[in-house]
Amino acid sequence: MTTLDISASGPATATGDAVLAFEDLTVTFKTEFGDVHAVKGIDLEVRPGEVVALVGESGSGKSVTSMTALGLLPRNARVGGTIRVGDKEVGALDGRGLRNMRGNDVAMVFQEPMTALNPVLTIGDQLTEGLQLHGIAYGKQATARAAELLAMVGIPEPERRLKQYPHELSGGQRQRVVIAMAIACDPKVIIADEPTTALDVTVQADILDLLRSLKDKLNTGILLITHNMGVVADMADRVAVMLKGDLVETGTADQVLNHPRHDYTKRLLAAVPHLGSGPGQFGDVAPVEAAAEDLPALDLNNLVIEYHRLGKPTFRAVDDVSLSVAQGEIVGLVGESGSGKSTIAKCALGLIPAASGSVSILGTGFGKLRGKELKALRKRIGVVFQDPASSLNPRLPIGDVIAEPLVVHKEGDERSRRRRVLELLDAVELPRSVYNRYPHELSGGQRQRVSIARALTLDPELLVADEPTSALDVSVQANVLKMFTSLQERYKFACLFVSHDLAVIDLLAHRVVVLQNGRIVEQGPREEVLHHPREEYTQRLIAAAPVPEPLEQRRRREARHALLNKLGEDIAELHVDDDYERPTPRQDEGGNSSGLGGLLGGGS
Amino acid sequence: MSDIRNSNPGGEDYEPQVTASGVDAVGLAAGGSADPLPGEDKSYSQGQLVARRFFRHRAALTSMIVLGIIIVVAFTSIGVGDIPGWWPKDYRLQYDKIGDGAPTWEYPFGQDTGGKDYFALVMRGTQFSLIIAFAVGIISTIVGTLIGALAGFYRGWLESILMRVTDVFIVIPLLVIAAVLGKTASSWGILGLALVLGLVTWTSLARLVRGEVLSLRERDFVLAAQAVGTGPWRIITRHVLPNAVGVIIVSATLSISAAILLETSLSFLGFGVQAPDTSLGTLISDYQAAFATRPWLFWWPGLMILTIALCVNFIGDGLRDAFDPRQNRTKD
């Protein structure tokens, strides 16, 4: 397959020799089911001071491609073609050469900062380790340099932070530490593998600002791996689209995002939900028909939920929350991680008790029910969870999974249950042949459809959906959302839709509730909350959500910076002093073993 | 099943990005690829995948065959109870000794000091050792699984009580309690001994199962089952334990080989199987004085113990590799 290169007509965005180059790269994995060709001959270059975004859905081979640059692939992988990092050819290096290259020439920023940092070592230990291994600084000098690095990435009180452990920092700060580690040895190129996927939108915007100023000020090349088109629009100079191990299209961000040529790129872009465009992108949402005197499907009144912790004060996860979902209405519950949105969802399902306040489903309170009555009430609520990998019992075939609620409530016989399952499979647009399949044989999107079918088995009046599409690829998410809106129109269930993605909420919610730290910040009709937010927190959230269009995103970014300035806050950026000395790492060719050689080198 | 056709109501466009999600749909290997994989159309259950991997584990498969042969030979050769076997000699009768009783074609394992056929004796001992080992394995697995599952699922005071009981059993020296109780229980026959050994060796399994259940009960599918109104018993038996079956089976296998060694030690010390019954440990104990003069009296039962324990351990290894192939097939 040939790559559709549409960058020829565009202006060159960066000059200089490539700091990272893949030539005809192939990667094959040996598995028990035969060989798997993960990467099938791609060519790609990253030049200094340039951000190249490698875009693709899960399984497209983008992470595998980036790992080849570090020489970090599992044993069963075979790599073909050439990979150049600076002037080194990765394939020709031995173990020592590879170790010398990692950190010095190429560094990595990982997706999940909690697992990328070692929880039993202090931040200082982890930062100085790289410096000492590469002979840049030792002892006190290394500590001083580590503090300087932390200050550069915008962590306040760097000296104190050096003595702290990863768990004492917030997610965003952890990712800043990971970035500080990556730039410690002043690499020529940084590979950022989904650097913001695990972060909240406002934190994501900060980290992206930091990465952007990093490449400007240090002239480092960045290979950005992401599935988020908004991030691409925000960051990338050039974009390469990967599909099943092939590069299908490359070009500048403007060319690829605004004038895509390849069908796959077009489909991918069409599947991205646009914040601000309202419903309609993936099917219309039926208007609410419930009359005012009808009982609400879900009514939360002054709800307080507390977690009791051993030896620590009680943690109040949800504080005085009142909201209601009318029959047939979709209410979007948005908030960042830790805002208590999933806790509210679990409480609405009766899985965790309320400390005070009340939860009632169609007028029946959860609080005092026991045994049979509780079971009868649960029949009226369906649930869809986020993670398609863990929400289905791996030991049961799909038919049994969907029929399980009927069996539990002793409804129907063998035949009628099977009829119902097949009817539901049709409704969620799955082939009937999956009846006898097992969950592990299905894709993430298909599993999520099964989850939705199971939730609808008992014809519930209320559906609680906890981030149902967050773990899915965009194109799969688009199809699931499309199906979801048509199902809602057909079955008319009320829905509490929990999500951190404002664009998804904008597509299907009638009303929106914004949560922060367990409290409701703002609630109201969708257009009002998402398009004319009154509260500062909501404004921030909306400003931080990236859109997949470079020019529009630039405008939004500047608007966000203006908003932050108005609120008197700093914009995240790399702080480089004028007398910043670039470290000169010891080139470990076996000759210089004093270990101090690196310190003698001058600045840049 | 005739009404479940392979019909596809939405045609190919039920997931319009078939090409894009094709990788996802296969969802097997790291890295992924849309290349058609062999067996893609066949529906493998988790159990079938495990069996497939197990039968590829050469050491485990060989051990399985060897153990199978030992079991068949031990039980058919001298027969069980009143049913006679194909081996012409009786383990109870004393025959004329040929020379000093060294192995010959007539007596492949040799003869003991009194002229008894040693092959028949060893087979008799193997039978008893195997029965005890498997009975201990089954009893300790049932007790351990039950206690571990209850403690892990219900948490709270029930967990505290069950786990403290487990701790108590762990701190009592196994050999001492087994010896004291075993002596009494041996009077009820070998199954009495098996029962006692089973009731003192379930502790490690209980802890393993509890740990597994603790992590499984937080999984979304268990929450989903609870949200639908499923009762705790059904959740444990249908959703939790089937997913812990890997841990349970592997641990059960290893407890069988531990039981063989424990029974051998006990019998050697004289607390285990009592005459007129015999086991491999009893045989070694009985003839330990003859080691210098008639080494085969020691080597045959010793070799038997070694082979059985080794086979069971290899099978356990194979099962563990089969259940935990260190590749996340559900990743996507």
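Residues are numbered from 1 along each chain as its sequence is written, and chains are lettered from A and ligands numbered from 1 in the order in which they are written. Because the model is predicted, local features need pLDDT of at least 70 and side-chain atom pairs count only at pLDDT 80 or more, while totals for chains, interfaces and linings use all residues.

## Chain A

Chain A contains 22 helices and 21 strands; helices (H or I, at least four residues) and strands (E, at least two) are DSSP runs, numbered from the N terminus. The C-alpha trace of chain A spans about 80 × 55 × 45 Å along its principal axes. For 604 residues a compact globule would have a radius of gyration near 25 Å, and the 26 Å of chain A agrees with this. The radius is taken over C-alpha atoms, and the globule rule is 2.2 Å times the number of residues to the power 0.38.

Of the 604 residues in chain A, 53% count as buried. A residue is buried if 20 or more other C-beta atoms lie within 10 Å of its own, exposed if 12 or fewer, and partly exposed in between, with C-beta atoms placed from the backbone. Among contacts in chain A between residues at least 6 apart in sequence, 70% join residues at least 24 apart. Two residues are in contact if their C-beta atoms, placed from the backbone, lie within 7 Å.

Chain A is divided into domain 1 (112–186 + 574–604) and domain 2 (298–547), with bounds that come from an automatic or database domain assignment. The centres of the two domains, taken over C-alpha atoms, are separated by 43 Å.

In helix α2 of chain A (residues 95–104), the buried residues are A:Asn100, A:Met101, A:Arg102, A:Gly103 and A:Asn104. The elements of chain A that cover them include α1 (62–70), β5 (77–85), β6 (88–89), β7 (106–109) and α4 (123–133).

## Positive phi in chain A

Most residues other than glycine have a negative phi. A:Asn302 is not a glycine, yet its phi is positive at about 45°. A:Asn302 sits in strand β12 (residues 298–307) of chain A and is exposed, with 12 other C-beta atoms within 10 Å. A:Glu467, also other than glycine, has a positive phi near 50°. A:Glu467 belongs to the loop between β18 (462–466) and α17 (474–491) of chain A; with 19 other C-beta atoms within 10 Å, A:Glu467 is partly exposed.

## Chain B

Chain B has 13 helices and zero strands. Buried residues make up 43% of its 332 residues. Of the contacts in chain B with a separation of 6 or more, 67% are between residues 24 or more positions apart.

Two packed helices are described by the angle between their axes and the distance between the axes. In chain B, the axes of helix α4 (residues 118–154) and helix α13 (residues 296–323) come within 10 Å and cross at roughly 30°. The contact is made by B:Tyr118, B:Val122, B:Gly125 and B:Thr126 of α4(B) and by B:Leu297, B:Trp300, B:Pro301 and B:Met304 of α13(B). By class, this contact has six nonpolar, two polar and no charged residues. Axes are lines fitted to C-alpha atoms, for helices over the stretch in contact, and angles run from 0 to 180 degrees between N-to-C directions. Ala, Val, Leu, Ile, Met, Phe, Trp, Tyr, Cys and Pro count as nonpolar, Asp, Glu, Lys and Arg as charged, and the others, Gly among them, as polar.

## Pairs separated in sequence

| Pair | Separation in sequence | Distance in space |
|---|---|---|
| A:Thr31 and A:Ala77 | 46 residues | 9.3 Å |
| A:Leu392 and A:Ser451 | 59 residues | 7.2 Å |
| B:Phe54 and B:Asp321 | 267 residues | 7.5 Å |

A:Thr31 lies in strand β2 (residues 20–31) of chain A and is partly exposed, with 17 other C-beta atoms within 10 Å.

A:Leu392 is in the loop between β17 (381–384) and α14 (398–408) of chain A, and counts as buried with 27 C-beta neighbours inside 10 Å. Leaving aside neighbours within four places in sequence, A:Leu392 is in contact with A:Val401, A:Pro439, A:Arg447, A:Val450, A:Ser451 and B:Phe221.

B:Phe54 is part of helix α2 (residues 46–54) of chain B and counts as partly exposed, with 18 C-beta neighbours inside 10 Å. Not counting residues up to four places away in sequence, B:Phe54 touches B:Ala60, B:Gly318, B:Leu319 and B:Ala322.
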